[in-house]
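Here is a quick look at one helix and at the ligand site. Have the viewer open while you read.

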Amino acid sequence: MDTQLRGRVALVTGASSGIGAATARAYGREGARVALTYRSNREKALQVASDVEAEGGEAITVRLDLEDLSTVEHAVTAITNHWGGIDVLVANAVRWSSAGPPDPSVRFEDVPLQEWQTMIIANLVGAAAQARAVLPGMRERTWGRIVLISSGIAEEGLPGPGPYGTAKSGLHGLARSLAWEAGRDGILVNVVAPGFTLTESRPPVPRAVADALTSNIPTRRLSAADDVARLVVFLGSGANGNLTGEVVREGSSAARAPRLMP
Ligand SMILES: NC(=O)c1ccc[n+]([C@@H]2O[C@H](COP(=O)([O-])OP(=O)(O)OC[C@H]3O[C@@H](n4cnc5c(N)ncnc54)[C@H](OP(=O)(O)O)[C@@H]3O)[C@@H](O)[C@H]2O)c1
């Protein structure tokens, strides 16, 4: 399949680890120019950049912090100055809650309102800010692909991480509106909603948890970051001719987390 990505510029945010790093490498394999963002781990981002180059792509790294949205505009300007434009945006960066990744034991009323504000601004307004910054250039070139990374939790819910799931479900509405808004300019906008995904940054999954999760997955296996990355690259490429406004549930998002609750 011809992804038509050779020489195209892909911005993958949050690419210093996990799904973003796998996605950056996958774009590299297609010969793309990949701009990777990091927040705290510049060294890891540089390592991923050299992996992208080893895969046959080109790479640069830029800092982007969802808690300071002026950095989104700065990052897009720096990349545009370097390569002349951005053809693909993968809005993957995530600001996890202050307590870390979603924790079902956290009671709803114990999450401070300040945490709600920070999470919604970083993870929902932050994605809108990324799309807003790349859209003018895509419209000019009448070609663009935008992939927003959500989570199975957006639709399935999970006790505890209210702000995370709420911000992620907002991405689904954002993608549908933007798909209508930008479609006539050749820009396709989709959401990928991964389920529980094995990444290099995730600690080993205890056997009992893995068994509980996989029992709810049609393929009886957890997805790896590379599984998600390949799907993202398809949607965010010329191989995707006219699919837009969709939410694609990646394999293990069929795992219904609440069933893990006692
Ligand atoms: N892994 C899963 O099971 C899973 C499931 C469903 C959905 N997802 C979604 O998939 C995406 C990637 O998840 P992951 O597990 O691969 O994450 P991860 O390994 O924890 O990586 C997160 C990335 O986001 C960056 N980041 C952290 N805080 C940030 C901030 N405030 N501003 C900007 N960037 C920030 C990190 O950069 P530094 O390390 O440089 O700070 C890193 O590059 C996220 O959108 C997540 O919600 C993941």
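## The buried side of α2

In this predicted model, the buried residues of α2 are Ala45, Val48, Ala49, Asp51 and Val52. Looking down the axis of α2, you'll find its buried residues within an arc of 160°, so they line one face of the helix.

Helix α2 runs over residues 42–54, and at 1.5 Å a residue its 13 residues should span 18 Å; the end C-alpha atoms are 18 Å apart, so expectation and model agree. Just after α2 comes Gly56, with a positive phi of about 110°.

## Around the ligand

The ligand has 30 residues around it, and the closest are Ser16, Ile19, Tyr164, Ser201 and Arg202. Helices α1 and α6 (162–183) each put at least two residues into this shell.

On the backbone side, a polar atom of Ile19 is 2.8 Å from a ligand oxygen, and an N or O atom of Arg39 lies 2.9 Å from an oxygen of the ligand. From a side chain, an N or O atom of Asp65 is 3.4 Å from a ligand nitrogen. As for cover, the ligand on its own has 900 Å² of accessible area, and the protein covers 91% of that.

Conventions:
Residues are numbered from 1 along each chain as its sequence is written. This is a predicted model: local features need pLDDT of at least 70, side-chain atom pairs count only at pLDDT 80 or more; totals for chains, interfaces and linings use all residues. Side-chain values use heavy atoms; hydrogens and water are left out. Helices (H or I, at least four residues) and strands (E, at least two) are DSSP runs, numbered from the N terminus. The expected span of a helix is 1.5 Å times one less than its number of residues. Buried means under 20% relative accessible area, exposed over 50%, partly exposed in between (1.4 Å probe, protein chains only). The arc is that of the directions from the helix axis to the C-beta atoms. A residue is near a molecule or strand if one of its heavy atoms lies within 4 Å of it. A polar contact is a pair of N or O atoms within 3.5 Å; within protein, one must be able to donate a hydrogen and the other to accept it, and residues adjacent in sequence count only if both atoms are side-chain atoms. Accessible areas come from the Shrake-Rupley method with a 1.4 Å probe; for residues, only the protein chains shown count as cover.
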